[in-house]
Amino acid sequence: MKHLLKIVTTILLLHGTAFSAFAEKQTPGPKGGKLLENDAPRAEFFVEKDHTVTVTFYDDSLKAVPHASQVVTATAEAKDGKTKLEFDKKGDVLVSKSPLPHGDGYNIVVQLKKDPSAKPQNFRIKYDTHICGECNRVEYACTCEE
Ligand SMILES: [Zn+2]
């Protein structure tokens, strides 16, 4: 029995290794938020305790870099209607002028422009504030394989 258990454990471990080698693991946002899949400087979408949103920018080595000329807006698609969030520069980061709508379980579309005249890129975030049991991160910023 003990021997069998050891074999099973070994198989599971091997599987685990194989999986992690192929799984496209997402880079975790350094502050605990969602790192958007935009070109560097990457933007991290982080919801503060007061439900306002902070966007921080990072270079390739995930070192925070000051906000340059990027323009960010976000639209929260809550059940009782859409709320548009606009951002102000505060030090090196961008902060939303208003908080996200109450609750969670809705989508947020983040629109990012490299500079005011650039083509916008949209990123969809499923806003869920539960803690993921696997990576221990907030679900909207979960880095587990989808
Ligand atoms: Zn996770």
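These legends go with a few close-up views of a predicted model.

**View 1. The largest nonpolar core.** Let's start on the inside: this core has 20 residues, and among those with the most contacts inside it are Ala43, Phe45, Val53 and Val72. Which elements give two or more residues to it? They are strand 2 (42-47), strand 3 (53-58), strand 5 (71-78), strand 6 (81-90) and strand 8 (106-113). In soluble globular proteins, nonpolar side chains tend to be buried together.

**View 2. Valine 55 and what it touches.** Val55 is another of the residues with the most contacts inside the core. Leaving out residues up to four places away in sequence, valine 55 touches Ala43, Glu44, Phe45, Val72, Phe87, Val93 and Leu94.

**View 3. Glutamate 48 in its loop.** You'll find glutamate 48 in the loop between strand 2 and strand 3. Glutamate 48 counts as partly exposed because it has 14 C-beta neighbours inside 10 Å. Follow the chain and leucine 100 is 52 residues apart from glutamate 48, yet C-alpha to C-alpha they are 9.8 Å apart in space.

**View 4. A cis peptide bond.** Look at the bond from alanine 40 to proline 41: it is cis, with omega near 0°. Proline 41 sits in the loop between strand 1 (34-35) and strand 2.

**View 5. Positive phi without glycine.** Leucine 62, in the loop between strand 3 and strand 4 (64-65), has a positive phi near 60° though it isn't a glycine. Asparagine 136, also not a glycine, has a positive phi of about 60° and lies in the segment after strand 9 (121-127). Is asparagine 136 buried or exposed? It counts as exposed, because it has 10 C-beta neighbours inside 10 Å.

Methods:
Residues are numbered from 1 along each chain as its sequence is written. This is a predicted model: local features need pLDDT of at least 70, side-chain atom pairs count only at pLDDT 80 or more; totals for chains, interfaces and linings use all residues. A nonpolar core is a set of buried Ala, Val, Leu, Ile, Met, Phe, Trp, Tyr and Cys residues joined through C-beta atoms within 7 Å. A residue is buried if 20 or more other C-beta atoms lie within 10 Å of its own, exposed if 12 or fewer, and partly exposed in between; C-beta atoms are placed from the backbone. Helices (H or I, at least four residues) and strands (E, at least two) are DSSP runs, numbered from the N terminus. Two residues are in contact if their C-beta atoms, placed from the backbone, lie within 7 Å.
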